[in-house]
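Open the model in your viewer and keep the selection tool ready. We will go stop by stop.

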Amino acid sequence: MPGESFYLCTPIFYVNDVPHIGHAYTEVASDLITRWHRQRGDDTWLLTGTDEHGQKILRTAVANDTSPKAWADKLVQEAWLPLLETINIANDDFIRTTDERHEKAVLIFLQKLYDDGFIYSGDYEGYYCVGCEEYKQLDDLMETPDGDYAGQLVCKIHGRPVEVLKETNYFFRMSDFEQPLLDLYQNRPDFIQPAGVRNEIISFVKQGLSDLSISRSSFDWGIKIPWDHSHVLYVWFDALLNYITAIGYGTDDENFARRWPAVQLVGKDIARFHAVIWPAMLMAAGLDVPKHVFGHGWLLVGGEKMSKSKLTGIAPEEITDTFGADAFRYYFMRAISFGQDGSFSWEDLSARYQAELANGFGNLASRVVAMVSRYYDGRIPEPGEYLEADLGIQKTVTDALATADAAIETFAIHEAIAAIWTIVEELNGYITLQEPWVLAKDPADRERLGTVLYTAAEGLRALAVLLSPVIPDSTEKLWAALGADSLGLVQEQLITEAAQWGQLPAGSRVTALEPLFPRIELLVAP
Ligand code: MSP
């Protein structure tokens, strides 16, 4: 229902390295869904940010002869904030776990859990992977027969040796929440999505939950435990809290009540943290759990998750410098079923760019604008009586809107775009069949020509509104070229009203449209 709160959080990203297209993938999906809700009139908020404490960052900083804070500042300024520009993310906030507002609210949360008896001191003995920043069980590890780490236990994800910890730590009574979590998964089947991730998490929790070690005393890059400054908080406990500290937990009750609970979009690699530890923490604090935790798939390179540590990361600018931010956004959201893994290839990107964006959508826009210029002196014509073919376009728009809206509700982003794309296809077919260039030859067909071009322009108006969350730059250009500015900004048009026919005022002045997706000569991988 319009006006409802829609608060979406991305994971916060480690600043040990610069972003690759896997990180950008999460950002774009989050941004697209939030823009869609914003254009439905929901009370939206998009949060993203950086995860800056813990051993992984500390070690990177030391290796680079600097302090962890100086390292984080540099990476945030030079890499993570610029990423948002590169792929056109309209986030409302950017939180860093070194922000004072975060640290302050984390202390409030911790103290509450401690006072309420959910935290105790105990002995921890076990394995830890700094790459994952995670305590590991034996089945998370493997012994490598050869290579640099021959004979050692390595993390199955990072392929690097794990550390053996033996420390006195503070523990969170996570085991208390085993049954409440199972009840949550059962009572709210859409809490964890998609089904594959949900099943995996349910079977994990059914094996039994242990208490979680939440402090470390062997290094000091983290938030100090308020009642014992010789310990710092476990980096995941610290990081997960960003979702509530950023909206005023413990400091601004009104805003917190307005926004929380959130929709959490994460890669499936970290779904467990978000669907097990995080709701347990929230339950302990007497807070609502998230609305949904959606674990999306991975971008693969050579069949494996793209990652910097395996040197398979591709920088987003490598793609956007040539193809632009809109093509980046469109390609990844359209070509991969959201929730599934997907492989990136330059060939596939180039082919879709050419066929779908340049030839399918871009040409359609240019042709319609050019015909209005040529046949009506640059003014959108008045439509006459609508015939079946014209009404068919109106129905296509109505149906596409309904299908896309329902798809976004279930995170099926690729289906939403495919539904909207039926408008592109139908409009192209419509123009071919109606042959406005033939109608233009006979003054007796003047009214019919007006109806056809109005229908095409109005179809483009609807397309611009529906595609604005996907390709914000090009739809803005199209909007201006259609002379639709009198209706307000395209990104402020209500999606729910996009199919109401006749919004583009006859007489609006169109302006020349440069190709929205210009031909790219260099279509080979760099
Ligand atoms: N800092 C933690 C998250 C803390 S959230 C409280 C972390 N950071 S990360 O920098 O490693 O980024 C993780 C997220 O980046 C993944 O969950 C996923 O959303 C995205 N991706 C990283 N590599 C990816 C792919 N190869 N493919 C798709 N998404 C990827 O984990």
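A polar contact here is a pair of N or O atoms within 3.5 Å. Keep that cut-off in mind for the first stops. Remember too that this is a predicted model.

**Stop 1: the ligand and its polar partners**

Select the ligand. Then select Asp269 and look at its side chain. One of its polar atoms lies 3.3 Å from an oxygen atom of the ligand. Because the cut-off is 3.5 Å, a pair of N or O atoms at such a distance counts as a polar contact.

Next, select Asp51. Here a polar side-chain atom sits 2.7 Å from a nitrogen atom of the ligand.

Now go to Leu299 and show its backbone. A backbone N or O atom of Leu299 is 2.8 Å from a ligand nitrogen atom.

How much of the ligand does the protein bury? On its own the ligand exposes 660 Å², and the protein buries 95% of that.

**Stop 2: the shell around the ligand**

Color the elements that give two or more residues to this shell: β1 (5-14), α1 (21-38), α7 (235-240) and β14 (263-267). Which one gives the largest share? Strand β1 does, with four residues.

Now select the whole shell. It holds 24 residues, and the closest are Ile12, Thr26, Asp51, Leu299 and Met306. Color them by class: 13 are nonpolar, eight are polar and three are charged.

**Stop 3: two helices side by side**

Select helix α14 (residues 388-409) and helix α17 (residues 446-467). Their axes come within 10 Å and cross at roughly 5°. Angles under 35 degrees count as roughly parallel, so α14 is roughly parallel to α17.

Show the side chains where they meet. From α14, pick Asp390, Ile393, Val397 and Leu401. Their partners in α17 are Arg448, Thr451, Thr455, Ala462 and Leu466. By class, this contact has five nonpolar, two polar and two charged residues.

**Stop 4: two cis peptide bonds**

Zoom in on Gln193 and Pro194. A cis peptide bond joins them, with omega about -10°. Pro194 belongs to the loop between β9 (192-193) and α6 (195-206).

Then move to Trp260 and Pro261. They are also joined by a cis peptide bond, and omega is about 5°. Where is Pro261? Look in the loop between α9 (253-259) and β14. You colored β14 at the ligand shell.

**Stop 5: a positive phi**

Last, select Glu133. Its phi is positive, about 50°, although Glu133 is not a glycine. You will find Glu133 in the loop between β4 (119-129) and β5 (134-136).

Note on methods. Residues numbered from 1 in each chain as written. Predicted model: local features only at pLDDT ≥ 70, side-chain atom pairs only at ≥ 80, totals over all residues. Heavy atoms only, no water. Near = heavy atom within 4 Å. Polar contact = N/O pair within 3.5 Å; in protein donor to acceptor, adjacent residues only side chain to side chain. Areas by Shrake-Rupley, 256 points an atom, 1.4 Å probe, with all protein chains shown as cover. Nonpolar A, V, L, I, M, F, W, Y, C, P; charged D, E, K, R; others polar. Axes fitted to C-alpha atoms, helices over the stretch in contact; angles between N-to-C directions. Parallel < 35°, antiparallel > 145°, perpendicular 65-115°, else oblique. Contact = heavy atoms within 4.5 Å.
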